[in-house]
Amino acid sequence: MGGTMLEALIITLIVGAIAGWLAGLLVQGTGFGLLGDIVVGILGALVTGIVLPKFGLVLAIGGGILGSIIAAFIGAVILLVIVKLLKKLMS
């Protein structure tokens with residue numbers, strides 16, 4: 001049982017890193033480094049998995065790691081655009 005939790009954590013970190021890195025490439029000027037990209041990717045997955053359905057928006061992308069990366073990427077892009085807009089407003 002401990003192995004499955006460790007595997008899930010590793011997969012989550014890898015998916016988060018890939019999604020955050022891809023989102024950082026798309027949304028220029030928001031690079032946060034590897035650790036920041038992982039956090040942005042994981043938060044992006046939360047945005048697409050938890051926040052968007054509360055507004056009636058559900059992404060039907062499919063299962064598996066690729067579907068998880070795509071969903072996390074979309075959420076990470078949304079998150080980075082919001083962060084970029086907030087930075088612009090505050091400066």
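Biologist: How many helices and how many strands are there in the protein chain?
Modeller: This is a predicted model, in which local features need pLDDT of at least 70, side-chain atom pairs count only at pLDDT 80 or more, and totals for chains, interfaces and linings use all residues. Residues are numbered from 1 along each chain as its sequence is written, and side-chain values use heavy atoms, with hydrogens and water left out. Helices (DSSP runs of H or I, at least four residues) and strands (E runs, at least two) are numbered from the N terminus. The pattern along the sequence is α-α-α, and the counts are 3 helices and 0 strands.

Biologist: What percentage of the residues in the protein chain is buried?
Modeller: Buried means under 20% relative accessible area, exposed over 50%, and partly exposed in between (1.4 Å probe, protein chains only). Of the 91 residues in the protein chain, the buried share is 29%.

Biologist: Is Gly-16 buried or exposed?
Modeller: Gly-16 sits in helix α1. The C-alpha atom of Gly-16 is 7.2 Å from that of Asp-37, although 21 residues separate the two along the chain. Because its relative accessible area is 2%, Gly-16 is buried.

Biologist: What is the relative accessible area of Thr-48?
Modeller: Thr-48 belongs to helix α2. A polar atom of the Thr-48 side chain lies 3.1 Å from the backbone oxygen of Ala-45. Thr-48 counts as buried because its relative accessible area is 9%.

Biologist: How many Å apart in space are Thr-48 and Ala-72, C-alpha to C-alpha?
Modeller: In sequence the two are 24 residues apart. In space, C-alpha to C-alpha, the distance is 6.7 Å.

Biologist: What separation is there between the C-alpha atoms of Ile-74 and Gly-41?
Modeller: Ile-74 lies in helix α3. Ile-74 is classed as partly exposed because its relative accessible area is 29%. Gly-41 is 33 residues away from Ile-74 along the chain, and the C-alpha separation is 9.1 Å.

Biologist: How far apart in space are Gly-33 and Gly-20, C-alpha to C-alpha?
Modeller: Gly-33 is found in helix α2, which takes in residues 33-54. With a relative accessible area of 40%, Gly-33 is partly exposed. In sequence, Gly-33 and Gly-20 are 13 residues apart. Their C-alpha to C-alpha distance is 9.5 Å.

Technical notes
A polar contact is a pair of N or O atoms within 3.5 Å; within protein, one must be able to donate a hydrogen and the other to accept it, and residues adjacent in sequence count only if both atoms are side-chain atoms.
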